[in-house]
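Student: I have a structure to read. Please walk me through it.

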Amino acid sequence: MQRCKELGELRESIHALLQSEDNQGEQHLHAGSSVCAAVEACLSHGLKRVSSTETVSLWGLLQWTNMSQLERHHVWKQRQEHVHAKEQSKDWYLDMFKEELQQISSLKVNTSSTIDNQTDDSVNPLTPGLNASIRIVNSLLHVTTPQGRVRAWIRHCCNTHLLSSCLAGIDSVMHPHNQAALSTYFAPGALCCDVDMREIFVGLTSTLDRLQFGFTIDVCI
């Protein structure tokens, strides 16, 4: 795994925040803001540049992640409804021919096999809180720029103890079948495209989910 200075800076900023936790004054507020800036830097690591001073939109990436999850959730929900309808139909059939089917020894094996094959579809791909956080930030009155929305989103996730969960949700789109889309956002070696660095990133931010924040998000940052 390659070294990433942004992860080191995030680790240091979290350490400083924990050291200032007993101080609820200006020092603690500054430490919290530093952590948010470090999180933003990690998310922005490796974003492709569109000019000498600008990269592609990080807010666009977060919204794309959300939309991708919603699409996968829609497919998952349809599959679950299909499985449920199939199970109801099978239950009706079993009730109708219960005595005869009890004598068929292979029925138990076939049923178990069907359940095993459905295990992978049992997990809802939707990250709790991600869609709501995106909608809330998009509805803010005083935050109108993409960069401002990214910063408001990070602070909102800190306030609601969902930051690491939402960041882990990025894993859902970091798959080979999305490589073409990801290549429009990231250069090779980007943090979000590296499994190991992404795991460390989410692990570090999980500490923040246990802390209390009171960021005001509908302000220009």
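Tutor: Start with exposure: buried means under 20% relative accessible area, exposed over 50%, and partly exposed in between, with a 1.4 Å probe and protein chains only. By that scale C193 is partly exposed, at a relative accessible area of 36%. This is a predicted model, where local features need pLDDT of at least 70, side-chain atom pairs count only at pLDDT 80 or more, and totals for chains, interfaces and linings use all residues. Residues are numbered from 1 along each chain as its sequence is written, and side-chain values use heavy atoms, leaving out hydrogens and water.

Student: Is C157 buried or exposed?

Tutor: C157 counts as buried, at 1% relative accessibility. Across the chain, buried residues make up 36% of the 221 residues.

Student: How many disulfides does the structure hold?

Tutor: A disulfide is a pair of cysteine sulfur atoms within 2.5 Å. The structure holds zero.

Student: How many helices and strands does the chain have?

Tutor: Both are DSSP runs, numbered from the N terminus: helices are H or I with at least four residues, strands E with at least two. Here the chain has 10 helices and zero strands.

Student: What share of the contacts joins residues 24 or more positions apart?

Tutor: Contact means heavy atoms within 4.5 Å. Among contacts in the chain with a separation of 6 or more, such pairs account for 76%.
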